[in-house]
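I opened the file to look up how the chains are built and how they meet. My notes follow in the order in which I made them.

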Amino acid sequence: MSEHIVSPKIYFAIFAALMAGTGITIWAAFQNFGKFNIVIALAIATIKATLVVLYFMHARYSPKRTQLVIVCSVFWLAIMLALTLADYDTRPHEGRLASANTYASSFGGYCSG
Amino acid sequence: MHRTGELYGHFETLEQQKESAAFGMWIFLVTEVLFFGGLFLTYTINRHAFGTAFGAGSNTLDIKLGGFNTVVLIMSSLTMAMAVWCAQVGKKQLVSIFLIATLGLGTVFLGVKVIEYKQKFDHHLIPGQGFDMRYRSEHPTPADDPKEIAIEKEELEKTFAVDPDTNAHGQLYFSLYFGMTGLHALHMIVGAGLLLWLIKESFAGRFTPQYHTPVEIVGLYWHFVDIVWIYLFPLLYLIDRHR
């Protein structure tokens, strides 16, 4: 048997990194980075998620086959996000998904403010 | 009958048998990635179109409760990882203890979520009839800080000036908020059920260094649910705090 046992030291180090990441995200959210607030938030979240996958979920020590599945999931997700967003971005809708009236009437008008 | 980790006929080695089980779980998690991915995509498109109302909706969420829950969930991932380690090295009693800790932290998370949902009901922020983003600032309770209410009122005035349909678009935000956190919570409830089963099995001393596949696989699931929250927290709670 060649099961790789990750030592608790690594688990606690990853835990500390995740806590630090959470702190930085909250701090960064209150700073004004303009357009980059969302980029920073998603970058930190992605780093945190990667740490969880690699160490807590043992992906780093898993067989290549499993690692391939993980990469594929990210790839498919990227296809879904990229193609759908490209579609929305390139259709003329004057910056809105529907006119305000469409929404107000579809909700029966009681929420028009 | 319960499984004890003996080798089944269709596998060559125990290692292959174990890896296949984990592999199956990963395949399931891929479908979950795309499932939640669709929701995140819907959120992104709507947030892009109705950013003002989404920002106002996001700012009604309680960042302290959300942050606390993030810490709780990451801690539960740590205890889950430790439960796997204890099973791998044969510390049978500690497996139970760490599993119970994970279940406890998961329950705390769900309890905080209940408090948050209750607040939204009280503030008329449930999509549907009676939804009103201005309800809270117009009907403050004695427990509310007058300064905070004044700031909220001012912010909402600006929001409604930019987007007169804030109440319609705010409902989209809260539909997504309840849909996404609700599905996440449902995954937590399923995970809690799995943990109960693991705890029962661990009391019977069933998890040994030779056989602990259930702990490992439920661990994968639990960590995945943690990852979903890692993305939900900044996207739902933190998108418009910087003004």
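Entry 1: terms. I call a residue buried if 20 or more other C-beta atoms lie within 10 Å of its own, exposed if 12 or fewer do, and partly exposed in between, with C-beta atoms placed from the backbone. Helices (H or I, at least four residues) and strands (E, at least two) are DSSP runs, numbered from the N terminus. This is a predicted model, in which local features need pLDDT of at least 70 and side-chain atom pairs count only at pLDDT 80 or more, while totals for chains, interfaces and linings use all residues. Residues are numbered from 1 along each chain as its sequence is written, and chains are lettered from A and ligands numbered from 1 in the order in which they are written.

Entry 2: chain A. I listed the elements and found four helices and zero strands in chain A. From the N terminus on, they run α-α-α-α. Of the 113 residues in chain A, 19% are buried.

Entry 3: helix 2 of chain A. I looked up which residues of this helix are buried: A:N37, A:A41, A:I44, A:A45, A:K48, A:V52, A:V53, A:Y55 and A:F56. I noted a general point beside the list: an α-helix has 3.6 residues a turn, so residues three or four places apart point the same way. The buried residues of helix 2 of chain A pack against helix 1 and helix 3 of chain A, and also against helix 3 (63–89) and helix 8 of chain B. I then checked the length, for which the expected span is 1.5 Å times one less than the number of residues. Helix 2 of chain A has 21 residues and should span 30 Å, and its end C-alpha atoms are 29 Å apart, which agrees. After helix 2 of chain A comes A:H58, with a positive phi near 60°.

Entry 4: where the chains touch. Two residues are in contact if their C-beta atoms, placed from the backbone, lie within 7 Å. By this rule, 51 residues of chain A are in contact with 46 residues of chain B. On the side of chain A that touches chain B, the elements giving two or more residues are helix 1 (8–29), helix 2 (36–56), helix 3 (64–90) and helix 4 (100–106) of chain A. Which of them gives the most? Helix 3 of chain A does, with 13 residues. I sorted residues into classes: Ala, Val, Leu, Ile, Met, Phe, Trp, Tyr, Cys and Pro count as nonpolar, Asp, Glu, Lys and Arg as charged, and the others, Gly among them, as polar. The side of chain A that touches chain B has 35 nonpolar, twelve polar and four charged residues.

Entry 5: chain B. I found eight helices and zero strands in chain B. Its C-alpha atoms fill a box of roughly 70 × 35 × 30 Å along the principal axes. Of its 243 residues, 42% count as buried. Among the contacts in chain B with a separation of 6 or more, 78% join residues 24 or more positions apart.

Entry 6: helix 2 of chain B. Its buried residues are B:A53, B:F54, B:G55, B:A56 and B:G57. They pack against helix 1 (14–49), helix 6 and helix 7 of chain B. For angles, axes are lines fitted to C-alpha atoms, for helices over the stretch in contact, and angles run from 0 to 180 degrees between N-to-C directions. The axes of helix 2 (residues 51–59) and helix 6 (residues 146–162) of chain B come within 9 Å and cross at roughly 160°. That makes helix 2 of chain B roughly antiparallel to helix 6 of chain B (under 35 degrees counts as roughly parallel, over 145 as roughly antiparallel, 65 to 115 as roughly perpendicular and the rest as oblique). B:T52, B:A53, B:A56 and B:N59 of helix 2 meet B:E155, B:L156, B:T159 and B:V162 of helix 6 in chain B.

Entry 7: helix 4 of chain B. Helix 4 (residues 92–122) of chain B has 31 residues and reaches 46 Å from its first C-alpha to its last, close to the 45 Å expected. Its buried residues include B:F98, B:L99 and B:F109. Helix 3, helix 7 and helix 8 of chain B are among what covers the buried residues of helix 4.
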